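The sequence and the structure come first.

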Amino acid sequence: QMPLEMGVECINGKNIRDLTEELIVESSGVKVDYIKDNWLGLRLPAIPPKRDNNYSDYLFLPLNFALKKFFQDNLFINKGKMILIYRFVYSNTVPQKMYLDYDNLEVKMITDVIASHTTKTDHPTKLNNYNCFAQGEETHTEVFLLPNEDFPAWLEWEKSISKDGILM
């Protein structure tokens, strides 16, 4: 709906009215897969917008469709208390003064979408949150969902993530 409101009639040569969920995901750049040690990894093509931004559906709708499709084909095993990690990756060309404070980003909706397909709740007794940033080749957001007890291992593993990021 948003592209139509913005006057965009086609995406990737397809009439927007004919797009299926799959094409929406494909054209959005949202990626979902299991990575190291069966951690859920997600790649979003941008930094989430500032809170209260009216145009945030461009991330949430494709993310919801991507998770729906992913979990049709893959089982999610809830391993008790989990941690949701947001890794905001800024391109090396973005000046640091342009980095956004974590608390100003619209991550609540992303958390809700992910939780609806996995932990079924974002209650603090079930889901912790951690935010960090990195510099990379292109600006994007990486999200990881893993058991709480795996967090120290994730912190070590994060040091080895390439400048391209995950799920290229």
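A residue counts as buried when its relative accessible area is under 20%, and as exposed when that area is over 50%. By that cut-off strand E4 is mostly covered, since six of its six residues are buried. The model is a predicted one.

**The sheet**

E4 belongs to an open sheet of five strands with mixed pairing, in the order E3-E4-E7-E5-E6. Strand E3 (31-35) and strand E6 (127-136) are the edge strands, each pairing on one side only. From one strand to the next the twist averages 20°.

| Strands | Sense | Bridges | Residue pair |
|---|---|---|---|
| E3 and E4 | antiparallel | five | Val32 (E3) and Leu42 (E4) |
| E4 and E7 | antiparallel | five | Leu44 (E4) and Thr141 (E7) |
| E5 and E7 | antiparallel | eight | Ile85 (E5) and Phe144 (E7) |

E3 and E4 form a hairpin with three residues between the strands, where Asp37 takes a positive phi near 55°.

In a regular strand, side chains alternate between the two faces of the sheet. In E4, Trp39, Gly41 and Arg43 point one way, while Leu40, Leu42 and Leu44 point the other way. Both sets are buried.

Helix H5 (residues 151-158) has four buried residues: Phe151, Trp154, Trp157 and Glu158. Viewed down the axis of H5, these buried residues fall within an arc of 115°, so they line one face of the helix. They pack against E3, E4, E5, E6 and E7. The face of H5 turned away from the buried side carries Pro152 and Glu156, which are exposed.

**The contact of H2 with H3**

Helix H2 (residues 21-28) packs with H3 at an angle of about 115°, and their axes are 9 Å apart. The crossing of H2 and H3 is left-handed. On the H2 side the contact involves Glu21, Ile24, Val25 and Ser28, which meet Pro62, Phe65, Ala66 and Lys68 of H3. By class, the residues of this contact are five nonpolar, one polar and two charged.

How values were computed: Residues are numbered from 1 along each chain as its sequence is written. This is a predicted model: local features need pLDDT of at least 70, side-chain atom pairs count only at pLDDT 80 or more; totals for chains, interfaces and linings use all residues. Side-chain values use heavy atoms; hydrogens and water are left out. Two strands pair if DSSP finds at least two bridges between them. Helices (H or I, at least four residues) and strands (E, at least two) are DSSP runs, numbered from the N terminus. Axes are lines fitted to C-alpha atoms, for helices over the stretch in contact, and angles run from 0 to 180 degrees between N-to-C directions. Buried means under 20% relative accessible area, exposed over 50%, partly exposed in between (1.4 Å probe, protein chains only). The arc is that of the directions from the helix axis to the C-beta atoms. Contact means heavy atoms within 4.5 Å. A crossing is left-handed if the near helix is turned anticlockwise from the far one by less than a right angle, and right-handed if clockwise. Ala, Val, Leu, Ile, Met, Phe, Trp, Tyr, Cys and Pro count as nonpolar, Asp, Glu, Lys and Arg as charged, and the others, Gly among them, as polar.
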